Amino acid sequence: MITLAVSSQKGGVGKTTLAINLAHAFARSGRRTLLVDSDPQGSVGLSLTRQSRHLSGFFDLLSNPSLKADQVIVPTRMETFSLVPSGQSSSYELGGGSMGMTLYRVRSFLAEVKELGYDICIVDCAAGLFGVTADVLSASDGVIVPQQAEPLGVRSVPKMLEALTRMRVVNSQLHVLGVVLTMVHRNLPESRESAEALRSLLPPEMVLKTVVPRDDLFVRASARGLPVGVMDEGAAALAVFESLRDELDRRMGHLLST
Amino acid sequence: MENESVNQWLDAASVRALAESLMKPVEPAPQMTPETIYGSGFVGFAEAGQAAPVSPADSGEPVIPPPVVEPLIARVPPVPDGVDTRKEVIIGKAVVKEPESLFEVTLTPTGTGKIPPAQAVARYPSPFKIASAPLAPPTPVSQGRPGTAKGQPLATRLSKFGTWLKGEIPAEAYFICDRNGEMVVDEVGSSKLIKVARTLAHASANAGRQVGESGERASLHVKVSTDRVLEVIPRQSTFGLVILGIIVPRPLSRETVASISRSFGAALDD
């Protein structure tokens with residue numbers, strides 16, 4: 001099993017949209033895919049399941065060692081696509097995670113998920129590369145970094161790179177699979193220029209060719225609790241994330257068990 | 001145009017270099033050199049998964065006596081009477097004069113100045129062990145306290161504390177540093193042990209903050225050789241977090257740690 005974290009230093013860059021739709025694209029390819037919400041705000045759950053506020057999830061696993069992975073996995077109508085909502089994080093937030101214990105539980109959880117036969121686990125992380133997100137990155141095989149194609153996004157790049165460098169000290173096996181440009185507004189000169197600036201700033205192999213456009217369809221899909229690709233008008237968006245999946249497949253190479 | 005605007009906000013060359021380094025596999029950490037201070041029996045910092053050294057006795061090779069431990073801190077050369085040779089030491093924001101005696105202490109692991117042969121022939125399945133419980137009955141500590149040093153310079157107080165410490169427990173050597181690793185007393189001379197002590201102390205302090213603990217904590221110790229343990233006692237003081245590291249034959253009991261911690265705190269804050 002391959003564990004991919006979708007993580008960025010900055011908030012509001014489209015992490016959850018990327019995680020949901022990328023997981024859907026992997027599931028469509030026939031691989032058993034688990035989407036895990038490690039964001040206490042529970043964006044994945046809120047997007048895809050209406051009962052998410054009542055479901056146990058990732059943070060319950062962290063605070064309750066007796067809980068097992070299969071008790072928090074929620075199936076979807078798609079056989080190959082399951083998710084783990086963030087759960088009731090309040091008890092975890094109150095108690096906090098003792099030193100090293102959160103990482104231990106994250107690793108235990110991922111080991112259980114692997115035992116359950118999943119091929120790929122995509123973890124949607126909260127903004128910032130610290131706390132639980134740092135533990136998730138410490139246990140992941142790869143990280144995908146969504147980067148907003150806006151001037152502020154470009155200016156945050158050094159901090160993101162520094163944080164990833166620190167993470168690779170902890171987890172030397174963490175592969176930076178690439179930066180995905182998100183919220184690209186083709187009609188807005190500032191957005192286009194920001195995208196071009198990022199491509200000129202970063203090594204070509206770091207920035208994925210596929211970009212995620214800014215589209216009202218994402219909002220509508222989220223409102224209906226669906227990945228954008230299954231919407232009636234979602235063919236173009238589906239193509240975007242399938243292209244992204246293909247690119248990642250090539251980058252993951254030997255890491256990915258198909 | 002866009003590159004110009006980017007360059008106004010960040011150093012493109014350094015960002016590029018950082019990004020390129022991220023796309024390369026992480027090189028394996030350099031092989032650590034043996035901690036000669038503790039001889040070939042030192043097991044604290046072997047690489048994970050690395051086989052522990054096989055004893056010469058087991059391999060059939062002739063047993064080579066372990067090296068004699070040299071004094072760790074050079075003696076201060078003699079100076080004319082009346083000249084103040086004390087060094088200034090910074091703890092937190094305070095600058096204090098350290099008594100010369102603090103720099104004259106030498107490490108003598110045994111009465112002969114040699115590491116016991118048993119240490120060199122031990123075999124360990126795990127190269128790095130953190131003992132979860134005292135390995136032997138706790139070392140008793142008397143109700144004694146360091147000789148009164150209230151109002152005296154910090155270095156004097158710590159010197160008296162050190163004397164008291166060695167009278168109370170079988171401490172082979174000890175060091176005191178602040179949270180940034182600035183050394184106040186160093187009889188050990190091992191940057192790695194000091195780093196371990198700081199890591200443990202910070203972890204303990206962080207864990208304590210997370211669960212709202214305060215005051216004294218349980219024993220923090222790491223086995224550093226067959227018959228030596230590094231006991232770490234962090235202490236919050238007016239200088240911030242100050243860390244005491246003691247080399248002892250076996251872990252200290254919670255009560256002993258509490259007693260030393262109180263005396264350490266008194267020496268720091270009196």
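Axes are lines fitted to C-alpha atoms, for helices over the stretch in contact, and angles run from 0 to 180 degrees between N-to-C directions. The model is predicted, so local features need pLDDT of at least 70 and side-chain atom pairs count only at pLDDT 80 or more, while totals for chains, interfaces and linings use all residues. Residues are numbered from 1 along each chain as its sequence is written, and chains are lettered from A and ligands numbered from 1 in the order in which they are written.

Chain A has eleven helices and seven strands. Both element types are DSSP runs numbered from the N terminus, helices being H or I with at least four residues and strands E with at least two. Of the 258 residues of chain A, 52% count as buried. A residue is buried if 20 or more other C-beta atoms lie within 10 Å of its own, exposed if 12 or fewer, and partly exposed in between, with C-beta atoms placed from the backbone. Among contacts in chain A with a separation of 6 or more, 78% join residues 24 or more positions apart. Two residues are in contact if their C-beta atoms, placed from the backbone, lie within 7 Å.

In chain A, helix H5 (residues 101–115) packs against helix H6 (residues 131–138) at an angle of about 50°. Their axes are 9 Å apart. H5(A) is therefore oblique to H6(A). Angles under 35 degrees count as roughly parallel, over 145 as roughly antiparallel, 65 to 115 as roughly perpendicular and the rest as oblique. The crossing of H5(A) and H6(A) is right-handed. A crossing is right-handed if the near helix is turned clockwise from the far one by less than a right angle, and left-handed if anticlockwise. H5(A) contributes Thr102(A), Leu103(A) and Val106(A) to the contact, and H6(A) contributes Val132(A), Asp135(A), Val136(A) and Ser138(A). By class, the contact has four nonpolar, two polar and one charged residues. Ala, Val, Leu, Ile, Met, Phe, Trp, Tyr, Cys and Pro count as nonpolar, Asp, Glu, Lys and Arg as charged, and the others, Gly among them, as polar.

Met183(A) lies in the loop between strand E7 (175–182) and helix H9 (189–201) of chain A. Its phi is positive, at about 55°, although Met183(A) is not a glycine. Most residues other than glycine have a negative phi. Met183(A) counts as buried because it has 24 C-beta neighbours inside 10 Å.

Chain B has seven helices and seven strands. From the N terminus on, its elements run α-α-α-β-β-α-α-β-β-α-β-β-β-α. Of its 270 residues, 31% count as buried.

Helix H5 of chain B (residues 154–168) has 15 residues. H5(B) reaches 21 Å from its first C-alpha to its last, close to the 21 Å expected at 1.5 Å a residue. The expected span is 1.5 Å times one less than the number of residues. Buried residues of H5(B) include Leu154(B), Phe161(B) and Glu168(B).

H5(B) and helix H7 (residues 254–269) of chain B pack at an angle of about 160°, with axes 9 Å apart. This makes H5(B) roughly antiparallel to H7(B). Arg157(B), Leu158(B), Phe161(B), Trp164(B) and Leu165(B) of H5(B) meet Ile260(B), Ser263(B), Phe264(B) and Ala267(B) of H7(B). Seven of these residues are nonpolar, one is polar and one is charged.

Leu165(B) counts as buried, with 20 C-beta neighbours inside 10 Å. Not counting residues up to four places away in sequence, Leu165(B) touches Ala171(B), Tyr174(B) and Ile260(B).
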